[in-house]
Each structure stands twice: as structure tokens, then as C-alpha cells.
Amino acid sequence: MRRLTAICAATAGVALLLTGCGSSDSGDRTVTVTGNGKVQGTPDVLNADLGTEVSAGDVSAAVDQANAKAKAITDAMVTAGAKREDISTSDLSVQPTYGPDGRNISGYRATNSMHVKVRDLPKASGVLSAAVQAGGNDTRISSVAFGLEDNTKLLSDARARAFDDAKSRAQQYADLSGLKLKTVKTISENGGGTTPTPVPMYKQNAPGAAPDISLEPGQQTVTFTVTVVWDMG
């Protein structure tokens with residue numbers, strides 16, 4: 001037993017691939033690389049958060065007016081092409097307003113906010129224009145963003161490109177080291193993301209006319225990152 005231990009100790013530093021007294025083809029020589037993949041696609045849906053904000057002398061009047069304006073906005077968007085099932089209430093609030101002294105309540109401000117998803121993009125501009133016209137000066141648009149209803153295919157393509165990028169980098173390191181790239185040991189996904197798209201703007205037309213809302217969907221960029229460990233030998 002002492003003789004065997006001595007042999008192991010003597011040969012431990014001979015090669016990197018030695019582990020204990022045995023050897024392994026996968027061994028200790030590995031390369032860890034991170035690959036990135038990116039693909040672009042055309043947005044197919046518009047998400048908007050909007051609503052109405054009104055002020056009145058008492059709570060009931062403020063709430064009633066906000067509800068009436070919200071219904072008018074909703075009906076106008078449906079008429080313009082949005083689906084009623086794609087419009088949902090996202091927030092309701094009533095807050096007091098104060099006079100110049102900052103202490104006495106002078107009235108109440110009520111808001112009724114909603115989220116709308118427009119799946120037929122050619123109608124998106126008209127939907128928002130109709131909302132603004134129906135709500136008038138009480139209309140509020142807080143956010144607008146284009147997106148992809150289903151980005152599964154783009155994510156799959158981005159993932160494949162990320163892996164190919166990682167493999168290309170690993171192969172270069174193997175060549176530079178005078179080794180061969182062997183089997184994959186581990187794969188770790190670092191996730192993916194989508195870049196934001198431009199925010200639409202609108203121009204104020206004549207009083208009572210629907211505003212001219214200009215929308216630019218642009219391109220959605222889906223990115224993916226993956227870390228891969230290869231054996232080298």
C-alpha cells in the first residue's frame with residue numbers, strides 16, 4: 001500500500017489529464033465561452049395604457065364623469081377596430097384637490113385607466129385617435145409599446161445563433177491551444193430580451209377633429225446569451 005501511494009504521488013503532475021492514479025479523456029482541460037445571438041422581427045401587436053382624468057366638486061360627480069369618459073373611450077376604440085375583450089380596466093382612483101391654502105378640499109380628481117391591446121396593427125393609429133377624440137382634453141395616454149404576440153420562433157433562432165457563436169469561440173481557443181474540441185460538459189442559458197420600440201407621437205388637429213397619431217413599429221430585436229463548457233483534448 002505504501003508503494004502504491006508513492007507511485008501515485010510521483011505521477012500526479014505528469015499530465016493535466018491525470019486524476020489520482022487514473023486518466024480521463026475529458027480530464028481537467030476545458031474551455032468556457034459565452035455566445036450571443038440576435039435576430040429581428042416585425043412587431044404584430046400594440047399595447048397601450050390610457051384613460052381619463054376629470055375633476056369635480058364632489059366625489060360622486062368626479063367618479064361618474066370619469067366612468068362616462070372611460071366608456072366613451074372604450075366604445076370609440078372598439079368602433080375603430082380594437083376588440084372589446086382586449087380592453088381591460090387597469091386602475092381606478094379618486095383623490096382630493098386642495099385650495100390655495102393647501103388645507104381645505106376644493107374638489108376631487110378621479111381617474112379611470114385601461115389597457116388595450118391592438119392585434120391588427122394597420123388599425124392601431126385609428127384606435128388611439130378615436131380614444132383621444134372621445135375623451136377630449138380629459139384623455140391621458142401613459143405608455144405605448146409595440147411587441148410580438150408570439151416570439152417563440154425568434155427566441156429559438158436567437159438561441160441557435162448564440163450556441164453557434166459560443167462553439168465558434170471555443171473552436172478558436174482549441175485551435176490556438178493545439179487541442180481538439182470534444183464533448184459539451186454544461187450549457188447555461190443566460191436568458192434573452194427584446195429591445196423597446198419607438199413611442200408614437202400625435203399632432204393636434206383642429207378642435208373636435210381626431211388627432212393625427214403617427215406610429216412607427218420599427219423592428220423588435222430579440223437577443224439571447226448562452227454559456228457553454230467544452231472538454232478539450
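## Exposure of the aromatic residues

A residue counts as buried under 20% relative accessible area, as exposed over 50%, and as partly exposed in between. In this predicted model, Phe163 has a relative accessible area of 26% and is therefore partly exposed. Trp230, with a relative accessible area of 2%, is buried.

## Aromatic pairing and a charge over a ring

Another ring, that of Phe224, has Arg159 over its face, at 4.8 Å from the ring centre.

In soluble globular proteins, nonpolar side chains tend to be buried together. The largest nonpolar core here has 21 residues, and the members that touch the most others are Leu46, Leu50, Met77, Met114, Val116, Leu128 and Leu215. At least two residues of this core come from each of strand E4 (45-56), helix H2 (59-80), strand E6 (105-118), helix H3 (124-135) and strand E7 (139-147). Helix H3 gives the most, with 5 residues. Apart from this core lies another, of 17 residues, which includes Ala158, Ala170, Leu179 and Met232.

## Contacts of Met114

Leaving aside residues up to four places away in sequence, Met114 touches Ala48, Asp49, Leu50 and Gly51, among others.

Methods:
Residues are numbered from 1 along each chain as its sequence is written. This is a predicted model: local features need pLDDT of at least 70, side-chain atom pairs count only at pLDDT 80 or more; totals for chains, interfaces and linings use all residues. Side-chain values use heavy atoms; hydrogens and water are left out. A nonpolar core is a set of buried Ala, Val, Leu, Ile, Met, Phe, Trp, Tyr and Cys residues joined through side-chain atoms within 4.5 Å. Buried means under 20% relative accessible area, exposed over 50%, partly exposed in between (1.4 Å probe, protein chains only). Helices (H or I, at least four residues) and strands (E, at least two) are DSSP runs, numbered from the N terminus. Contact means heavy atoms within 4.5 Å. A charge sits over a ring if NZ of Lys or CZ of Arg is within 6 Å of the ring centre and within 35 degrees of the ring normal.
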